[in-house]
Every structure is written in C-alpha cells, then in structure tokens.
Amino acid sequence: MRHLLAFFLLLLFTLYHNTAFSSNLKIVATIKPIHSLVASVTDGILEPDLLDYTTSAHDYILKPSDASSLESSDVIFYIDDSLEAFIKTFAKDNKELVQLSKTINLLPARSHSFSKQIIDVQGEKDLHIWLSPENAKSMILSISTTLSNIDKENASSYNHNAMKAIKRIDQEVEKIARELNDFKNQKYIVTHDAYQYFEKYFGLNHPSAILSLEEDSYIGMKSLMKLKKIMKDENVKCIFSHSPEDIIKPEALSNDAKMVILDPIGSDIESGKDAYLAIINNITQNFKSCFVE
Ligand SMILES: [Zn+2]
C-alpha cells in the first residue's frame with residue numbers, strides 16, 4: 001500500500017512538473033536545422049516559425065511573408081550576423097535576437113584551394129556549426145535558457161524538453177559514429193566546404209580538395225588539371241556536392257568518379273523537431289553510399 005501511495009505521489013509530481021502551458025510567444029528560426037532544435041525545446045508549448053529557404057543558407061533573399069513573420073516575432077534564433085545579415089533590420093526593444101554562433105567554439109574557414117580568384121579567408125569563421133552534434137547540444141541549452149527567462153511559467157518544461165532532446169541526440173549519434181567508423185580513412189573532395197564540423201566530430205578525413213563553387217562560375221583549365229592530378233594521386237573517387245545545381249561534372253575529373261549530394265540544411269526533409277537528426281542521418285547515409293555502391 002505504501003508503495004502504491006509513493007507511486008501515485010511520484011506520478012502526481014511528474015505530471016505537475018511536466019505540465020506545459022501553451023504560450024503566445026512568437027518564435028522564428030532562420031534555417032531548418034536550427035528550427036528543429038528550437039521545436040524540440042518548445043514541444044507541447046508552441047510551434048516556432050521557419051523562414052522559407054529553398055536550397056542554400058548563403059544566397060537567401062528575404063520573402064515578404066518571412067519579413068512579416070520576423071517583424072511580428074518576439075524571439076528570433078539565427079546562426080550569425082554575417083550569415084543572416086537581414087536579421088539586424090528587425091532589431092527592436094521588445095524583441096530578442098539570439099545569435100547562436102556566440103555559444104560555439106567557431107572553427108576558422110578553410111582556404112578555397114580551387115578558386116579562380118584568391119579569396120582571403122583569414123579571420124573568417126566556418127558557420128556550418130549545426131553539423132556537429134556537440135554544437136547542437138550547446139545550442140539546445142542556449143535556446144532553453146533564453147526561453148525560460150522570457151516565459152518563466154514554462155521554464156521547467158523547456159528544460160525538461162531540452163534534456164530529452166540532448167539525450168536523444170546522444171543515443172542517435174552513438175549509432176551514427178559506429179556506422180561511420182569504417183569510413184574514416186576514405187578520401188573525397190567537396191564542392192562546398194560545409195562539413196568541417198561533421199568531419200571533426202566523427203573523425204573523418206578532411207577533404208583532399210575544396211572547390212568552393214559558389215564563388216566560381218566555372219573551373220579554369222589549370223585548376224581542372226590540378227584537380228585531376230589530386231584525384232589520381234590520392235585515388236579519390238567521391239565528390240560531395242551540396243546542391244544539384246553544381247556545375248561540375250564528375251566524368252570531367254576522372255573516369256570512375258562519383259558525385260553524391262550531402263544536404264547540409266535538409267532541403268527535402270520535413271521540418272519539425274525530428275528534422276535535425278534526420279539531416280545528420282541523411283548526410284551519413286549519403287556519405288557512406290558514395291564509397292560502398
Ligand atoms: Zn554552406
């Protein structure tokens with residue numbers, strides 16, 4: 001009987017502590033992976049808005065519907081002032097702008113070895129921060145702290161959700177790390193340097209070459225020869241692209257080269273709290289597929 005009573009008291013306590021109050025707070029996140037982390041913290045309390053990006057986080061043009069959503073929001077979660085430069089135009093006294101790059105140890109941007117003009121990346125930071133699960137967990141904590149301060153009534157729910165989301169990332173990432181174990185020594189080149197945080201976290205090789213096609217409209221003959229030599233010397237068979245619109249043709253580089261898309265922002269993935277792990281899983285499966293099939 002005492003056990004039963006203790007059980008009911010515990011149940012009551014748990015229920016009380018996890019009671020989420022629906023909130024009228026208006027929250028916007030800029031890109032899908034960040035929106036997903038926010039949605040995992042606000043689960044059962046509110047639905048954050050997501051801006052309507054199509055393919056890349058770099059060439060986004062603000063749409064009128066997104067502008068009005070940003071205008072009427074109370075909190076905006078975004079990566080960095082230099083990536084989402086339009087955010088500062090929405091700064092207001094009663095609006096919280098949360099630049100998530102502040103909570104992360106940023107890696108320096110890597111040099112773009114195949115650019116036709118030399119691009120100075122000195123001092124520039126790599127902002128694809130969400131591709132490290134460690135960073136995702138830091139951002140979840142930052143999101144939870146921010147929201148708990150604004151919406152105190154739901155503080156324990158935000159915190160509870162954050163802990164749950166972190167635990168889930170830990171579990172999934174352990175599986176992913178095991179899956180990538182056999183691929184740590186594989187060589188590859190990338191057309192866009194988005195995966196540095198992912199590589200470092202999972203202990204993958206760094207790319208044999210970085211093409212940075214978003215700055216180059218084409219690859220010059222000299223660069224092409226250099227690239228072909230690298231691929232031959234290092235026996236590189238895989239080219240990772242971040243968009244189907246890349247102009248490079250794998251057959252121009254090597255007879256048996258393959259090109260596979262690794263989608264850093266999850267263009268084809270449904271938004272919501274599950275999107276973050278779906279994006280990481282999708283990159284993992286596509287990365288592996290280039291080497292095994
Ligand atoms: Zn990028």
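**Figure 1. Surroundings of His 242 in the predicted model.** Setting aside residues up to four places away in sequence, His 242 touches Thr 191, His 192, Tyr 195, Ile 261, Leu 262 and Pro 264. The structure shown here and in the other views is a predicted model. His 242 lies in the loop that runs between strand S7 (238-241) and strand S8 (258-261). One of the residues it touches is Leu 262; His 242 and Leu 262 are separated by 20 residues in sequence, yet their C-alpha atoms are 5.2 Å apart in space. The relative accessible area of His 242 is 15%. Because buried means under 20% relative accessible area, His 242 is classed as buried.

**Figure 2. Asp 126 and its side-chain polar contacts.** Asp 126 belongs to the loop between strand S4 (96-99) and helix H4 (133-150). With a relative accessibility of 4%, Asp 126 counts as buried. The side chain of Asp 126 is joined to that of His 128 by a polar contact of 2.8 Å. A polar contact of 2.8 Å also joins the side chains of Asp 126 and Gln 196. When neighbours within four places in sequence are left aside, the residues in contact with Asp 126 are Leu 106, Leu 107, Pro 108, Ala 109, Asp 193, Gln 196 and Tyr 197.

**Figure 3. Ser 208 and its contact with Glu 234.** Ser 208 is placed in the loop between helix H6 (196-202) and strand S6 (209-210). Its relative accessible area is 18%, and Ser 208 is therefore buried. A polar contact of 2.8 Å links the side chains of Ser 208 and Glu 234. Not counting residues up to four places away in sequence, Ser 208 touches Lys 187, Tyr 188, Ile 189, Ile 230, Glu 234 and Val 236.

**Figure 4. Packing of helix H2 against helix H4.** Two packed helices are described by the angle between their axes and the distance between the axes. Helix H2 (residues 32-41) and H4 pack at an angle of about 55°, and their axes are 9 Å apart. H2 is therefore oblique to H4. The crossing of the two helices is right-handed. On the H2 side, the contact is made by Ile 34, Leu 37, Val 38, Ser 40 and Val 41; on the H4 side, it is made by Ala 136, Met 139, Ile 140, Ile 143, Ser 144 and Leu 147. The residues of this contact comprise 9 nonpolar, 2 polar and no charged.

**Figure 5. Helix H2 within the rest of the structure.** Of the 10 residues of H2, 10 are buried, so the helix is largely enclosed by the rest of the structure. The buried residues are Lys 32, Pro 33, Ile 34, His 35, Ser 36, Leu 37, Val 38, Ala 39, Ser 40 and Val 41. The elements against which the buried residues of H2 pack are strand S1 (27-29), strand S2 (49-50), strand S3 (75-78), H4, helix H5 (155-180) and helix H8 (275-292). As context for this view, the protein chain has 8 helices and 8 strands, and 51% of its 293 residues count as buried. Among contacts in the protein chain with a separation of 6 or more, 62% are accounted for by residues 24 or more positions apart.

Definitions and conventions:
Residues numbered from 1 in each chain as written. Predicted model: local features only at pLDDT ≥ 70, side-chain atom pairs only at ≥ 80, totals over all residues. Heavy atoms only, no water. Helix = DSSP H or I, 4+ residues; strand = E, 2+ residues; numbered from the N terminus. Buried < 20%, exposed > 50% of the residue type's maximum accessible area, 1.4 Å probe, protein only. Contact = heavy atoms within 4.5 Å. Polar contact = N/O pair within 3.5 Å; in protein donor to acceptor, adjacent residues only side chain to side chain. Axes fitted to C-alpha atoms, helices over the stretch in contact; angles between N-to-C directions. Parallel < 35°, antiparallel > 145°, perpendicular 65-115°, else oblique. Left-handed = near helix turned anticlockwise from the far one by under 90°. Nonpolar A, V, L, I, M, F, W, Y, C, P; charged D, E, K, R; others polar.
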